[in-house]
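Colleague: I am new to this structure and would like a close look at a single part, the place where the two chains meet. Please take me through it step by step.

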Protein chains: 2
Amino acid sequence: LAANPAKARSAPRRRPGGRSARVREAVLAATVQELAAVGYSDLSLESVARRAGVHRTTLFRRWGSREALVLDLMLERASREVPVPDTGSLREDLLQLARRAVATASSPDIEAVVRAVLSGIRQDPELAEASNQFWDKRMSLDGAIVERAVARGEVAAGVNPRLVIETVLGPLHLRLLVSGNAPEEAEIAHVVDLVVDGVTRRRNDAA
Amino acid sequence: LAANPAKARSAPRRRPGGRSARVREAVLAATVQELAAVGYSDLSLESVARRAGVHRTTLFRRWGSREALVLDLMLERASREVPVPDTGSLREDLLQLARRAVATASSPDIEAVVRAVLSGIRQDPELAEASNQFWDKRMSLDGAIVERAVARGEVAAGVNPRLVIETVLGPLHLRLLVSGNAPEEAEIAHVVDLVVDGVTRRRNDAA
């Protein structure tokens, strides 16, 4: 990853739908399956290439390391799996975001990736960096929900968009991680209500 | 664990400060060190016994399985490491709770235990049950903060104490898990303010 950032970053500029995009899709799908099967510590580029039906030199040339592979996977999933809602209402946007995030994080393949990444962070600084980049990007994208609510006057300026999103998603993800069970709809709604009441109260106090 | 619940549960009724309590302390400390060194999947009662300087039959008789050992460790830590604040103010109680929870969870030995447990839950239903029991107990103890705020009239009855605590601790624990870095004091205070504003607003709306 750190040794080879240009290669990972060049991927999105390739022609979408072409051979290169199909290779990437096959390789990332195989990475998910390998992570679920053997975990991060035993992940090898050779076995991912075999499972994807791609020549190993193609895989080594394009990604170079398993850290780059997992980072590319996380960045691709970050933008693909959970689009950012834009309904015109902070509460509705956060509800949709939270429901989709719970559904995504509790799908068996994604849950395996997340647990594999979290277990390896202490032993692997490059994986920690990839995890950080993933979360930063995700929080920056989702933060648009709060920024739009500020622009509409629903929420006072000065609130930290990232922390608002983390306060919605944190308890839901943590429950899933700790218990292995996805939180229920009523719990999702309760957390969203609590956070919306908290940020919109600041607006009213300021007015 | 499921095969032998009476043994794990009998531990707290033994005379505190006696030989039995010293053995438990040594064994649980050795468990933490072994988890940090080899992870949960390679944890063995034999190596814990060796590290603790305790005969392996003592350890097998009292705990019986590594699930029972990790559960006893989590229950002991749950009540020992993070006492429940009672300052007379919801905001101050939650601030103190959040600061202590972050300090505890980011200490290297506890962080190793948490990452080991979370990585093993999908492969091990008994570990999942232990993790659930730990978190249920912790949230039930911490929920007293919210119950006292309801009794004082700071917060409307009907709020879910557990979800309030999870909404404070969730984003902070998640940040630590994802990034490997503990959230800063300003971020802790921001999350607490958001949640306190949310729950006390309900009180004011209801009044």
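This is a predicted model: local features need pLDDT of at least 70, side-chain atom pairs count only at pLDDT 80 or more; totals for chains, interfaces and linings use all residues.

Modeller: Chain B can be superposed on chain A by a rotation of 180 degrees with 0.0 Å of shift along the axis, and the RMSD is then 0.0 Å. That is the relation of a two-fold axis. To find this axis from chain B, look for Gly198(B): its C-alpha is the one in chain B nearest the axis, at 1.8 Å.

Now to the contact itself. Chain B contributes 39 residues and chain A contributes 39 residues. Of the interface residues of chain B, 100% are also interface residues in chain A, so the copies meet through the same surface. The two chains bury about 3800 Å² between them, and 61% of that area is on carbon and sulfur atoms.

Between chain B and chain A the count is 2 salt bridges, while the count over all chains comes to 30. A salt bridge between the chains joins Glu166(A) to Arg175(B), with the closest N and O atoms 2.6 Å apart. Glu166(A) also has a partner within chain A, for its side chain meets that of Arg162(A) in a salt bridge of 3.3 Å, N to O. Both Arg162(A) and Glu166(A) belong to helix H10 of chain A, which covers residues 161–179. They are 4 residues apart in H10, about one turn of the helix.

Helix H8 (residues 125–142) of chain B packs with helix H9 (residues 144–152) of chain B at an angle of about 25 degrees, and their axes are 4 Å apart. That angle makes H8(B) roughly parallel to H9(B). H8(B) makes the contact with Ser140(B), Leu141(B) and Asp142(B), and H9(B) with Ala144(B), Ile145(B) and Val146(B). By type, the residues of this contact are 4 nonpolar, 1 polar and 1 charged.

Methods:
Residues are numbered from 1 along each chain as its sequence is written. Chains are lettered from A and ligands numbered from 1 in the order in which they are written. Side-chain values use heavy atoms; hydrogens and water are left out. Axes are lines fitted to C-alpha atoms, for helices over the stretch in contact, and angles run from 0 to 180 degrees between N-to-C directions. Helices (H or I, at least four residues) and strands (E, at least two) are DSSP runs, numbered from the N terminus. Angles under 35 degrees count as roughly parallel, over 145 as roughly antiparallel, 65 to 115 as roughly perpendicular and the rest as oblique. Contact means heavy atoms within 4.5 Å. Ala, Val, Leu, Ile, Met, Phe, Trp, Tyr, Cys and Pro count as nonpolar, Asp, Glu, Lys and Arg as charged, and the others, Gly among them, as polar. Copies are superposed by least squares on the C-alpha atoms of residues with pLDDT of at least 70 in both. Buried area is the accessible area (1.4 Å probe) that two parts lose on being put together, summed over both. A salt bridge is a side-chain nitrogen of Lys or Arg within 4 Å of a carboxyl oxygen of Asp or Glu.
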